[in-house]
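Please consult the sequence and the structure shown here.

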Amino acid sequence: MSAARQALVACLGVALACAKPDAGTRTGPRLTVRWTGSDTAAFGASATAERCDTLHLIEIRAISGDTGLGLALYDSGFVRPGSYPIRPPAAAGRASPAAALAVRWFSRTAVQGFQGDSGQVTLRRAANGDLSGTFMAKARAINTKAHLDLSGSFDGLRVKPAERGCVPPRDSITSPNGSTAPPRDSTPRVD
């Protein structure tokens, strides 16, 4: 797995791990998904949508307990209604419009992590600006040969600026000594 691919999956995994878990409410923005393949399950939770201007993406996340799903929608800084092909994480950030997907949950003995490698997100925007959409994806496990087929939907999402900030482009980071190395407390940009 390439370093860029590992970094994107790690970023989505950290975002999923750090986000506030769903309190069990059934009102407001939601994401639901069902998957089959090496495992079969259904999942639904409150969802959020955050804009990251420096990476030109909208990140949609849903987390409940130890289960979470993240979608990254890339579209040159503007997320427009339409179709976003799901690509492997390393390729999604370089192609616009495109989407990346990651899902994880805890099994009895380990964390199960999958990333999308094909599929499509269809995005709609309501007159009030809320986002809704559907997605279908094929995903493969990060550490094994297992695979999943996922289908889901989200609705009622209002896009907000990234709560924890965004990773700036690597070439815009300058340290006090004049180098362009990322600060120790920053995550490198995923290209």
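How many salt bridges does a search of the whole structure find? The search finds seven, a salt bridge being a side-chain nitrogen of Lys or Arg within 4 Å of a carboxyl oxygen of Asp or Glu.

## Basis of the values

The model is predicted: local features need pLDDT of at least 70, side-chain atom pairs count only at pLDDT 80 or more, and totals for chains, interfaces and linings use all residues. Residues are numbered from 1 along each chain as its sequence is written, and side-chain values use heavy atoms, with hydrogens and water left out.

## A buried pair and its network

Glu50 and Arg61 form a salt bridge whose closest N and O atoms are 3.5 Å apart. This pair links distant parts of the chain, with Glu50 in strand S2 (residues 41-52) and Arg61 in strand S3 (residues 57-64), 11 residues apart. Strands are DSSP runs (E, at least two residues), numbered from the N terminus.

Both Glu50 and Arg61 are buried, that is, under 20% relative accessible area; exposed means over 50%, and partly exposed lies in between (1.4 Å probe, protein chains only). A network of salt bridges links Glu50, Glu59 and Arg61.

## Partly exposed pairs

Lys138 and Asp149 meet through their side chains in a salt bridge of 2.8 Å, N to O. Lys138 belongs to strand S8 (residues 131-141) and Asp149 to strand S9 (residues 147-157), so the pair ties together parts that are 11 residues apart in sequence. Lys138 is partly exposed at 46% relative accessibility, and Asp149 is partly exposed at 30%.

Between Asp53 and Arg51, the closest N and O atoms of the salt bridge are 3.0 Å apart. Asp53 is partly exposed, with 47% relative accessibility; Arg51 is also partly exposed, with a relative accessible area of 30%.

Methods:
Helix = DSSP H or I, 4+ residues; strand = E, 2+ residues; numbered from the N terminus.
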